[in-house]
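Reader: I have a model open beside its sequence, and I would like to learn how to read its features one at a time. Could you take me through it?

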Amino acid sequence: MIHLRQATPDDFPAIIGLIENAAAWLADKDTDQWQRPWPDRTARDARVMGGIEQRLTWVEERDGRVAATVTLTTAVQRELWAEHEPDTPALYLHRLVVHRDHAGHGMGAEIIDWAEARGPGLLRIDVWKTNESLHKYYLRQGFDFVGMSRLSGYPSAALFHRKMVTVG
């Protein structure tokens, strides 16, 4: 069972650590995901801190340390989703990362389900184009592949969405 809490600026190093842990694990996989911060380290770190400061980032702790993170927003990246109904109400997941020590135990799926209870209409995520294993993961989680964004130069342009279940 997950118990996410809002991230604070004190969590920033741990969140960056999660991303770098995932990047190290991905280094010998058939993807270039996160091998270089996009578009550079400064911009990536500013996005991560911005999510924390805007109270959009959440963390899950296990054994006294941050084990997972996700950033949620209803703000549409119009350029990314331009051809895929950007005005449809949706909750966007960003930087859903589970530390490798906790991978394979369903934590990512629990976070997706937790997020689904917080938003309208669709749950959307953009995924690194070259990470086909991650594409398959989201398909297994009930997401549909929407298509590739035509946003030039953006590496995370494989678009997926899942219709949210209305409860009650």
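Author: Let us start with one residue and its surroundings. Leaving aside neighbours within four places in sequence, Leu93 is in contact with Val70, Thr71, Leu72, Ala115, Leu123, Arg124, Ile125 and Phe143, where contact means heavy atoms within 4.5 Å. This is a predicted model, in which local features need pLDDT of at least 70 and side-chain atom pairs count only at pLDDT 80 or more, while totals for chains, interfaces and linings use all residues. Residues are numbered from 1 along each chain as its sequence is written, and side-chain values use heavy atoms, with hydrogens and water left out.

Reader: In which element is Leu93 placed, and does Leu93 count as buried or exposed?

Author: Leu93 is placed in strand β4; helices (H or I, at least four residues) and strands (E, at least two) are DSSP runs numbered from the N terminus. Buried means under 20% relative accessible area, exposed over 50%, and partly exposed in between, with a 1.4 Å probe and protein chains only. Leu93 counts as buried because its relative accessibility is 1%.

Reader: How should I read a helix, and what do the buried residues of α2 pack against?

Author: The general idea is that an α-helix has 3.6 residues a turn, so residues three or four places apart point the same way. In α2, the buried residues are Arg44, Asp45, Val48, Gly50, Gly51 and Ile52, and these pack against α1, β2 and β4 (90-98). The length can be checked as well, since the expected span of a helix is 1.5 Å times one less than its number of residues. With 13 residues, α2 reaches 18 Å from its first C-alpha to its last, close to the 18 Å expected.

Reader: What should I look for in the backbone itself?

Author: Most residues other than glycine have a negative phi, and most peptide bonds are trans. Here the peptide bond from Trp38 to Pro39 is cis, with omega near -15°, and Pro39 lies in the loop between α1 (12-26) and α2 (41-53). Trp34, found in the loop between α1 and α2, has a positive phi of about 60° although it is not a glycine. Arg55, in the loop between α2 and β2 (57-62), also has a positive phi, near 65°. As for cover, Trp34 counts as partly exposed because its relative accessibility is 21%, while Arg55 counts as exposed because its value is 56%.

Reader: Where is Asn131 placed, and which residues does Asn131 touch?

Author: Asn131 sits in the loop between β5 (122-127) and α5 (132-140). Not counting residues up to four places away in sequence, Asn131 touches Leu26, Thr31 and Gln33. With 7% relative accessibility, Asn131 counts as buried.

Reader: How many helices and strands does the chain have, and how do I judge its overall form?

Author: The chain has 5 helices and 7 strands, which run β-α-α-β-β-α-β-α-β-α-β-β from the N terminus on. For overall form, one compares the radius of gyration, taken over C-alpha atoms, with a globule rule of 2.2 Å times the number of residues to the power 0.38. For 168 residues, a compact globule would have a radius near 15 Å, and the chain agrees with its 15 Å. Its C-alpha atoms fill a box of roughly 40 × 40 × 30 Å along the principal axes. Of the 168 residues, 47% count as buried, and residues 24 or more positions apart account for 66% of the contacts with a separation of 6 or more.
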